[in-house]
Amino acid sequence: MLDIQIIRTQPEMVKEAMRAKKEKDTHLVDELIETDEKWRNTVFELDKLRKESNSRAKEIGQLMGQGKKEEAAEVIRQTGEMKQSIKQMEEDVRTLAQERTYLLLRIPNMAHESVPVTEDESGNQMVHHWGFSEGKFPSELDTDASTSNAVPHWDLLEGKSWVDFDRGSKVTASGFPFYVGPVARLQRSLIQFFLDKAIEKGYIEMMAPYFVNEDSARGTGNIPDKEDMMYTIPRDGYYLIPTAEVPVTNYHRDEIFKAGDLPVRYVCYTPCWRREAGSHGSDVRGLNRLHQFDKVELVKLVDPDSSYEELELLRRDAEDLLEALELPYRTLLMGTADMGFNQSKKYDLEVWSPGQQKWLEVSSCSNFEAYQARRMMVRVKKGDGKTEMVHTLNGSALALPRVMAAFLETHHEGEGVIRIPEAFQPWTGSSSISL
């Protein structure tokens with residue numbers, strides 16, 4: 001969440017940042033300021049009344065010692081009334097504090113000054129690309145995208161049952177497929193490839209819980225905001241993770257780092273669960289959008305002074321994987337209208353799907369600045385002795401379903417043969433696979 005001091009002193013700036021993100025509830029800022037003022041005033045009056053009550057209570061013994069029983073009785077009566085008032089004011093403080101927090105959690109993060117202010121997704125800026133010529137999309141080049149081999153991955157898999165959507169629907173529901181045989185092995189190889197490449201770059205591998213509690217979901221900003229997207233276990237009050245970002249970032253909740261301990265970098269593979277399944281037609285066909293999917297996540301906790309340099313390194317770590325897999329891609333700097341509730345700056349990486357003739361998002365690399373850390377109370381004690389919030393970052397490296405879709409479509413050589421790029425061959429043990 002945002003620093004309350006910024007909201008108090010620059011409310012119009014916060015409202016403008018909300019409007020840039022197409023968040024309409026700017027009235028929350030005014031409500032928060034009013035509630036915050038009531039809370040502070042009540043806390044002040046409560047402290048004053050406690051001091052007065054303590055002072056008067058000391059008089060009782062003195063009066064009794066002087067034999068002034070009637071005066072002591074009057075002071076006892078007054079302090080009794082004060083205690084009742086204090087009890088009521090303590091309840092008022094708790095209620096106002098809860099309302100204050102409720103409002104704080106509903107104000108989105110502000111975009112970084114380098115993020116373009118946009119009206120819709122058309123304002124996103126392509127800042128990098130690989131695998132195709134300047135000014136040309138892959139579909140315009142002499143690649144598989146213009147050959148008869150370029151077919152949608154669901155046609156490549158049709159009749160093979162290597163990705164079995166029908167049996168997945170029977171066993172669970174739509175969006176929960178089985179991976180079988182060569183595709184299951186390819187999926188496992190990709191996961192190991194992503195993990196090993198991250199470890200080579202200094203990330204610490206982690207295996208994390210697949211369920212989190214409410215505090216953890218709130219800490220990373222998944223609630224209140226994305227409750228409808230998360231699967232829950234009501235009996236136990238747990239949430240199934242939508243991404244490894246949630247448990248891994250919360251790993252250091254309520255902790256204080258020493259300045260020399262940062263940055264810390266983690267890589268974690270998990271299955272992920274999300275209720276949302278997209279819109280319609282080809283957008284949700286095949287592997288394009290699933291309720292359960294595999295993903296390797298990169299998470300960083302860094303010093304605020306270096307967080308934007310770390311974001312560029314994070315982005316590059318994800319891009320390197322796509323280049324090693326020889327998948328043409330583009331990197332988009334997301335404008336304010338197409339950013340998430342929590343991010344200060346976000347890049348999306350999209351691979352080209354030659355069989356579908358469209359771009360598929362496979363990674364988002366984001367800087368949250370102190371927004372998540374303030375919710376989780378993750379701090380760093382700087383060299384000057386001052387304590388401040390760390391900055392948190394994360395990025396997919398990578399999300400498997402669309403990578404798999406683009407991989408099959410891009411490297412299909414006909415007759416169900418899939419070429420394996422040279423850099424990836426050590427993880428598959430072969431130069432091709434047959435579906």
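User: Hi! Let's start with N342: is this residue buried or exposed?
Analyst: Hello! N342 counts as buried because its relative accessibility is 5%, and the cut-off for buried is under 20%. Keep in mind that this is a predicted model.

User: Thanks. Where does N342 sit in the chain?
Analyst: You'll find N342 in a loop, the one between β11 (329-333) and β12 (345-353).

User: And what does the side chain of N342 reach at 3.4 Å?
Analyst: That would be the backbone oxygen of T220. Leaving out residues up to four places away in sequence, N342 touches K21, N109, T220, G221, K226, F368 and Y371.

User: Why does M229 count as partly exposed?
Analyst: M229 has 26% relative accessibility, so it counts as partly exposed; that class runs between the 20% and 50% cut-offs.

User: Which residues does M229 touch, not counting those up to four places away in sequence?
Analyst: A run of four: W273, R274, R275 and E276. As for P242, 13 residues from M229 along the chain, the C-alpha atoms of the two are 8.0 Å apart.

User: OK, on to the core. Which residues touch the most other members of the largest nonpolar core?
Analyst: Those are L186, F194 and L325, in a core of 52 residues. Helix α7 (residues 181-200) gives the largest share of this core, with eight residues.

User: What is F194 in contact with, leaving aside neighbours within four places in sequence?
Analyst: F194 is in contact with V296, L321, L325, A397, L398, L400 and V403. There is also a second, separate core of 18 residues, and V248, Y266, V299 and M376 are among them.

User: Now the whole chain. How many helices and strands are there?
Analyst: The chain has 13 helices and 18 strands. Buried residues make up 50% of its 435 residues.

User: What does the C-alpha trace span along its principal axes?
Analyst: About 105 × 45 × 40 Å. Of the contacts in the chain with a separation of 6 or more, 72% are between residues 24 or more positions apart.

User: And the surface: what share of it belongs to carbon and sulfur atoms?
Analyst: Carbon and sulfur atoms hold 48% of an accessible surface of about 20900 Å².

User: Last one, how far apart are the mean positions of the positive and negative charges?
Analyst: They are 5 Å apart, with 55 positive and 72 negative charges in the chain.

Notes: Residues are numbered from 1 along each chain as its sequence is written. This is a predicted model: local features need pLDDT of at least 70, side-chain atom pairs count only at pLDDT 80 or more; totals for chains, interfaces and linings use all residues. Side-chain values use heavy atoms; hydrogens and water are left out. A nonpolar core is a set of buried Ala, Val, Leu, Ile, Met, Phe, Trp, Tyr and Cys residues joined through side-chain atoms within 4.5 Å. Buried means under 20% relative accessible area, exposed over 50%, partly exposed in between (1.4 Å probe, protein chains only). Helices (H or I, at least four residues) and strands (E, at least two) are DSSP runs, numbered from the N terminus. Contact means heavy atoms within 4.5 Å. Accessible areas come from the Shrake-Rupley method with a 1.4 Å probe; for residues, only the protein chains shown count as cover. Lys and Arg count as positive and Asp and Glu as negative; His and the chain ends are not counted. The place of a charge is taken as NZ of Lys, CZ of Arg, CG of Asp or CD of Glu. A polar contact is a pair of N or O atoms within 3.5 Å; within protein, one must be able to donate a hydrogen and the other to accept it, and residues adjacent in sequence count only if both atoms are side-chain atoms.
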